[in-house]
Amino acid sequence: MKVTILDDYFDTIRTLPCFRMLAGHAVTIWNEHTQDIDALAERLQETEVLVLIRERTKITAPLIARLPKLRLISQRSVYPHIDIEACTRAGIIVSSFQHPGTPCYAAAELTWALALACARRLPQQAESLKAGRWMMGVGRTLRGGTLGLYGHGRIAVAVAAYGRAFGMRILWWASEEGRARARAAGEEVASDREHFFQSADVLSLHIRLHGATHGIVSAADLALMRPDSILINTSRAGLIAPGALVAALDAGRPSMAGVDVYEQEPLTDTEDPLINHPNAICTPHIGYVTREEYDLQFTEIFEQIEAFTRGAPINVVNPAVLAATQ
């Protein structure tokens with residue numbers, strides 16, 4: 001099979017132990033990102049199996065219409081970047097393992113790293129030292145504070161464990177279903193949304209982005225946060241209303257933000273107001289980008305390819321394609 005892997009920025013995948021699973025296939029790996037349909041159509045013209053790295057490239061109906069040989073898209077996790085209906089019409093199987101019960105520990109670790117970096121202003125202190133100014137200010141201790149977690153999913157539960165290890169009180173807010181899960185687990189749930197935003201010393205977002213959650217965190221929510229609080233977003237940029245976080249940082253509520261996700265990715269605008277804000281610590285969507293997490297994810301992605309080549313595809317998100325071929 002002719003397999004193409006897109007957006008492997010650092011040519012990492014061929015160095016993973018799981019890459020040997022593609023032995024026998026003709027594999028092409030692209031390191032340079034593009035969203036240009038003409039360029040993608042040319043790159044993928046002979047592709048039978050397309051491997052995606054999360055949501056780095058949008059697979060749209062106009063692109064799909066120009067890929068007559070494509071039969072399988074294999075990836076992991078959610079798929080808002082793929083036009084599933086267009087794939088189904090074209091007879092393309094989309095396989096995506098949702099890893100039930102398995103959190104992305106890499107993303108949870110980065111969440112906690114950003115919380116610590118914001119609390120102690122680590123990048124600013126390091127730059128001050130390099131500039132010969134010694135200390136640049138006073139940080140804060142997280143122990144004894146409240147860690148507010150918005151969303152009761154796998155990553156949030158892992159972050160809660162880190163918070164407890166640091167002696168923090170854990171306070172939850174989520175959908176009605178999520179709050180019910182938290183209560184059933186014996187967790188403390190905020191009495192209401194306002195109390196949640198007002199109470200958190202560190203508030204971390206762990207919500208899936210879909211139609212109902214776009215802009216779910218409003219400017220009014222952020223205005224409720226204390227002037228010494230920290231907001232962390234390693235989930236999705238669209239959860240926060242456009243422009244609201246920069247405005248909130250300008251207003252001093254919260255005092256700091258740790259951000260790993262953006263409306264436009266890759267973000268290459270060096271003038272972007274968020275990444276240039278003095279009270280923001282920003283990383284380039286690296287929450288899941290570790291060798292260990294890559295090997296886990298691509299083992300599952302390549303298992304989907306193996307199953308497809310055996311004629312028994314797994315983790316199919318558009319089963320209507322299978323029905324049409326029977």
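Modeller: Let's start with a term: a disulfide is a pair of cysteine sulfur atoms within 2.5 Å. The model here is predicted, so local features need pLDDT of at least 70 and side-chain atom pairs count only at pLDDT 80 or more, while totals for chains, interfaces and linings use all residues. Residues are numbered from 1 along each chain as its sequence is written, and side-chain values use heavy atoms, leaving out hydrogens and water.

Biologist: Thanks! How many disulfides does a search of the whole structure find?
Modeller: A disulfide is a covalent bond between the sulfur atoms of two cysteines. C118 takes part in none, as the nearest cysteine sulfur, that of C282, is 8.8 Å away. That is too far for a bond. For the whole structure, the number of disulfides found is zero.

Biologist: Is C282 buried, exposed or partly exposed?
Modeller: Buried means under 20% relative accessible area, exposed means over 50%, and partly exposed is in between (1.4 Å probe, protein chains only). C118, at 3% relative accessibility, counts as buried. C282 has 24%, so this cysteine counts as partly exposed.

Biologist: Now to the strands. How many of the five residues of β4 are buried?
Modeller: Strands (E, at least two residues) and helices (H or I, at least four) are DSSP runs, numbered from the N terminus. In β4, which is residues 72-76, L72, S74 and R76 are buried on one side, and I73 and Q75 on the other. The strand is largely enclosed by the rest of the structure because the number of its residues that are buried is five of the five.

Biologist: Which residue in β5 is the bridge partner of L72?
Modeller: Two strands pair if DSSP finds at least two bridges between them. β4 runs parallel to β3 (residues 49-51), joined by three bridges, and V49 stands opposite L72. β4 also pairs in the parallel sense with β5 (residues 93-97), over five bridges. There, the partner of L72 is I93.

Biologist: Through which helix does the chain cross from β4 to β5?
Modeller: A crossover is right-handed if, with the strands pointing away from the viewer, the path from the first strand over the helix to the second runs clockwise. This β-α-β crossover is right-handed, and the helix, residues 84-89, is α3.

Biologist: Which strands are the edge strands of the open sheet?
Modeller: The sheet has six strands with parallel pairing, in the order β7-β6-β8-β9-β10-β11. An edge strand here pairs on one side only, and the two are β7 (169-173) and β11 (280-282).

Biologist: In β7, which residue is the bridge partner of G148?
Modeller: Five bridges join β6 (residues 146-150) to β7, and the two run parallel. Across from G148, the partner is L171.

Biologist: Which residues is P103 in contact with, leaving aside its neighbours within four places in sequence?
Modeller: P103 lies in the loop between β5 and α4 (105-120) and is buried, with a relative accessible area of 10%. Its C-alpha atom is 4.8 Å from that of R154, 51 residues apart along the chain. Contact means heavy atoms within 4.5 Å. By that rule, P103 is in contact with R154 and I155.

Biologist: How far is the backbone oxygen of R226 from a polar atom of the side chain of S229?
Modeller: S229 lies in the loop between α9 (219-223) and β9 (230-233), and at 0% relative accessibility S229 counts as buried. Beyond four places in sequence, S229 touches R140, A200, D201, P254, S255 and M256. From the backbone oxygen of R226 to that side-chain atom of S229, the distance is 2.6 Å.

Technical notes
A polar contact is a pair of N or O atoms within 3.5 Å; within protein, one must be able to donate a hydrogen and the other to accept it, and residues adjacent in sequence count only if both atoms are side-chain atoms.
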